[in-house]
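Biologist: I would like to go through this model term by term. Please set each value against its cut-off before drawing a conclusion.

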Amino acid sequence: MAQLCFFFFINAVSLLLFLQSDSYTESAAVGVNYGMLGDNLPPPSQVVTLLKSRNITRCRLFAPNSDALSALQGSGIEVILGTLNQDLPQLAADVSFARNWVSTNIIPYFQTVHFRYISAGNEVIPGDLAAYVFPAIQNLDQALREFQLPYNIPVSTTVSTAVLGTSYPPSQGEFAIDIDSIMRSIVGFLAANGSPFLVNVYPYFSYIYDSTNIPLDYALFNSSQVVVRDGELEYKNLFDAITDAVYSALERAGGGTSVKVVVTESGWPSKENGDTATIENAWMYNNKLIEHVSGGGGTPKRPGEGIEAYLFAIFNEDLKPVGTEQNFGLYYPNTTEVYHVDFID
């Protein structure tokens, strides 16, 4: 009887949730990462008020947080929800653990919070936890299907560009050989289920590791000239080149053209690295990223396809490693702006 009541209940709200939701394939939009590694951050209710005041309609939580999820209820803000990396072994080994995870972190909120995706871990491939990612994705997906929710919540994982063995030129993008079998399993699942590939794209790090060969304007979306020619494809910014290298790797791993890239993190630090990490450069990068993504032009490899991206991050976080890592925020913890970013409605 309880299951029957639950079935009728979720179908009663299905139309509302359908109207609230939109397919990820339609999305050229910018959200924000809501990190919590700070001892002086405002309460979630104040953060949600801040996001709504800026017409920010999407955010990413790195792990379940009941206070944040409660504050997001009824806000209209869509959520990417991550699992803790340390939970991956249990999620991979035990579908009942995945059921409990969904029961605890999705079911109490799904009526009033639209979960855009679930990410099984963050940046664990390559690494000691890499082998757990695919079975964790499978178990989470099975658990979600068993609850028969009125809208689909795609399950994926979030990776850094360290998964690429080859990234230049973009058309030759390929996953590293030592993780190829893992990536092929994941990509096959994503393609079969219509789920996106979540990747963190940071031209800043590419630039600081190879500033001799990468022009700063190319990394900052500030070049008016073609910097990289890759066959018929022309690149004026590094963000597109990195994203297209990921698309090429997905194609080589069996994803064809059906698996869409969602950029779960991108940003630029505002201090602690000389003339590179400055407020001016951070302001330029993030504003031009928003303009680029919101324009709907896609990338040279995927023209006209909307890019869904999430700025890193809402706040400067003082419990992160000292240096630039503490200075990626759009806001100080007291909610005053580090610099102004124009979110496009």
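Modeller: Take K320, whose relative accessible area is 14%. Buried means under 20% relative accessible area, exposed means over 50%, and partly exposed lies in between (1.4 Å probe, protein chains only). K320 therefore counts as buried.

Biologist: What kind of model is this, and how are residues numbered?

Modeller: This is a predicted model, in which local features need pLDDT of at least 70 and side-chain atom pairs count only at pLDDT 80 or more, while totals for chains, interfaces and linings use all residues. Residues are numbered from 1 along each chain as its sequence is written, and side-chain values use heavy atoms, with hydrogens and water left out.

Biologist: What makes the pair E325 and K320 a salt bridge?

Modeller: A salt bridge is a side-chain nitrogen of Lys or Arg within 4 Å of a carboxyl oxygen of Asp or Glu. For E325 and K320 the N to O distance is 3.5 Å, so the pair meets the definition. E325 is at 27% relative accessibility and therefore counts as partly exposed.

Biologist: Why does E317 have no salt bridge?

Modeller: The nearest side chain of opposite charge, K320, is 5.1 Å away from E317, and a salt bridge has to be within 4 Å. Opposite charge here sets Lys and Arg as positive against Asp and Glu as negative; His and the chain ends are not counted.

Biologist: Where is E317, and what is it in contact with?

Modeller: E317 lies in the segment after β12 (308-311). Helices (H or I, at least four residues) and strands (E, at least two) are DSSP runs, numbered from the N terminus. Contact means heavy atoms within 4.5 Å. Leaving aside neighbours within four places in sequence, E317 is in contact with G35, M36, L37, G38, F312 and Q326.

Biologist: How many salt bridges does a search of the whole structure find?

Modeller: The search finds 14 salt bridges. One of them joins E251 and K301, with the closest N and O atoms 3.4 Å apart. That pair links distant parts of the chain, since E251 is in helix α11 and K301 is in the loop between α12 (279-294) and β12, 50 residues apart. E251 has a relative accessible area of 30% and is therefore partly exposed; K301, at 24%, is partly exposed too.

Biologist: What about E305 and R302: is each buried or partly exposed?

Modeller: E305 is at 32% relative accessibility, so it counts as partly exposed. R302 has a relative accessible area of 6% and is therefore buried. Their side chains meet in a salt bridge at 3.8 Å, N to O.

Biologist: Which residues are linked in a network of salt bridges?

Modeller: R58, E78, R116 and E308 are linked in such a network.

Biologist: Why are α8 and α11 called roughly perpendicular?

Modeller: Two packed helices are described by the angle between their axes and the distance between the axes. Helix α8 (residues 180-193) and helix α11 (residues 238-255) pack at about 85 degrees, with their axes 9 Å apart. Axes are lines fitted to C-alpha atoms, for helices over the stretch in contact, and angles run from 0 to 180 degrees between N-to-C directions. Angles under 35 degrees count as roughly parallel, over 145 as roughly antiparallel, 65 to 115 as roughly perpendicular and the rest as oblique. The two helices are therefore roughly perpendicular to each other.

Biologist: Which residues of α8 and α11 meet?

Modeller: R184, V187 and A191 in α8 meet L250, R252, A253, G254 and G255 in α11. The residues of this contact divide into 4 nonpolar, 2 polar and 2 charged. Ala, Val, Leu, Ile, Met, Phe, Trp, Tyr, Cys and Pro count as nonpolar, Asp, Glu, Lys and Arg as charged, and the others, Gly among them, as polar.

Biologist: How do you know whether N139 is buried or exposed?

Modeller: N139 has a relative accessible area of 12%, so it is buried. It is in helix α7 (residues 130-146). Not counting residues up to four places away in sequence, N139 touches L91, A92, A93, D94, V95 and A98.
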